[in-house]
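Subject: Structure handover

Hello,

Here is the structure for you to look at. Please open it alongside these notes.

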Amino acid sequence: MEELKECPACSGTSFTPYLTCQDQLVSQKQFAIQQCSTCQLLFTNPRPTAAEIGSYYKSDTYISHDDTQKGLVDTVYRTVRSYALNQKESWIRSMNGGVGALLDYGCGTGAFIRECQEKGWTITGFEPDADARRLAAERTSQKILKDSSELQSLANLDVITLWHVLEHVADLHETLAMLANSLRSGGHLVVAVPNPASKDAAIYGSNWAAYDVPRHLYHFTPDVLTGLIETYGLKLQKRLPMRFDAYYIAMLSTKHRDGKINYGESVINGLRSNKAAARTGNYSSLTYVFRK
């Protein structure tokens, strides 16, 4: 395990305990989340080393790296994803003023880049996980990049997307600097992450499934994420709600807490979370759009 002595965002050295959560997916171990006293970033600490972290993704139930369909939760996830893929492509095309050059950083099994490919985008996918990368390559009939060094030559991209990816990235500053440099002037960086300031996070506490320790190295609140990314010459344009996530995360959270899903409670708490977020903007997950 790696114990961080400096904040990954601001290099501050004073942390306070925030929460302790269990890895429900693979190891069943407890992991601490700490908060930086300077910039307020929440981060998992200690965390697995680069050599260890891959083993924490090896589960048939880790949906973004697996194309199997098992049970009602997977079915719900994939049904919503099918709708969301078309919606995401449509609004990034509108945002960009048409199709263009797109990098999906952390493309998983390639569902999103395949959707964009079919609509006429010039796509590049990046995925470090070998199994997911193989599925993405099969889906797109295109090489999927696996190493950050392969991204250095990318330039003048119109759009870069990170769909629930930035929370997994070990080196925040190196990654964000590289992505910002790869965008053309006027290009857009689109980042979707869970929001620990949401109502459903408050309801479920340490059982909130979107903490997903230790795979989620960071837990970004809106102000912290915005401040971090704007240091790279990008300006926040808008924040978009991901309303379905409140229901899906509530289902997983009840399973974490009780060992089985409480569907009725999940619907009620999903509604509660979205109702609260309509006033505060703190949806269970948010998509942030930054412009260079």
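Accessible areas here come from the Shrake-Rupley method with a 1.4 Å probe. On that basis the chain exposes about 12,900 Å². Carbon and sulfur atoms supply 50% of that area. Please keep in mind that this is a predicted model.

**The whole chain**

The chain has 9 helices and 10 strands. Its radius of gyration is 18 Å, close to the 19 Å that the globule rule gives for 292 residues, so the chain is as compact as a globular protein of that length. Along the principal axes, the C-alpha atoms fill a box of roughly 45 × 45 × 40 Å. Of the 292 residues, 52% count as buried.

Strands of a sheet pair through backbone hydrogen bonds, either parallel or antiparallel.

Strand β2 covers residues 30-36. Of its 7 residues, 5 are buried, so β2 is largely enclosed by the rest of the structure. "Buried" means under 20% relative accessible area.

β2 pairs with strand β1 (residues 15-22) in the antiparallel sense, over 7 bridges. Within that pairing, Cys-21 has Phe-31 in β2 as its bridge partner.

β2 also pairs with strand β3 (residues 42-44), again antiparallel, over 3 bridges. Gln-35 has Leu-42 in β3 as its bridge partner. Ile-33 stands opposite Thr-44 in β3. The hairpin of β2 and β3 has 5 residues between the strands. In this hairpin, Gln-40 takes a positive phi near 75 degrees.

Helix α3 runs over residues 111-118. Which of its residues are buried? They are Ala-111, Phe-112, Ile-113, Glu-115 and Cys-116. Note that a glutamate is on that list. Just after α3, Gly-120 takes a positive phi of about 105 degrees.

Next comes strand β5, residues 122-126. It is mostly covered, with 4 of its 5 residues buried. β5 pairs with strand β4 (residues 101-105) in the parallel sense, over 5 bridges. There, Leu-102 has Ile-123 in β5 as its bridge partner.

**Val-169**

Where does Val-169 lie? It is in the loop between β6 (157-163) and α5 (172-182). Is Val-169 buried or exposed? Its relative accessible area is 9%, so Val-169 is buried.

What is Val-169 in contact with, leaving aside its neighbours within four places in sequence? The residues are Tyr-105, Thr-175, Leu-217 and Tyr-218. Val-169 and Gly-106 are 63 residues apart in sequence, and their C-alpha atoms are 9.4 Å apart in space.

Best wishes

Methods:
Residues numbered from 1 in each chain as written. Predicted model: local features only at pLDDT ≥ 70, side-chain atom pairs only at ≥ 80, totals over all residues. Heavy atoms only, no water. Buried < 20%, exposed > 50% of the residue type's maximum accessible area, 1.4 Å probe, protein only. Helix = DSSP H or I, 4+ residues; strand = E, 2+ residues; numbered from the N terminus. Pairing = 2+ DSSP bridges. Rg over C-alpha atoms; globule rule 2.2 N^0.38 Å. Contact = heavy atoms within 4.5 Å.
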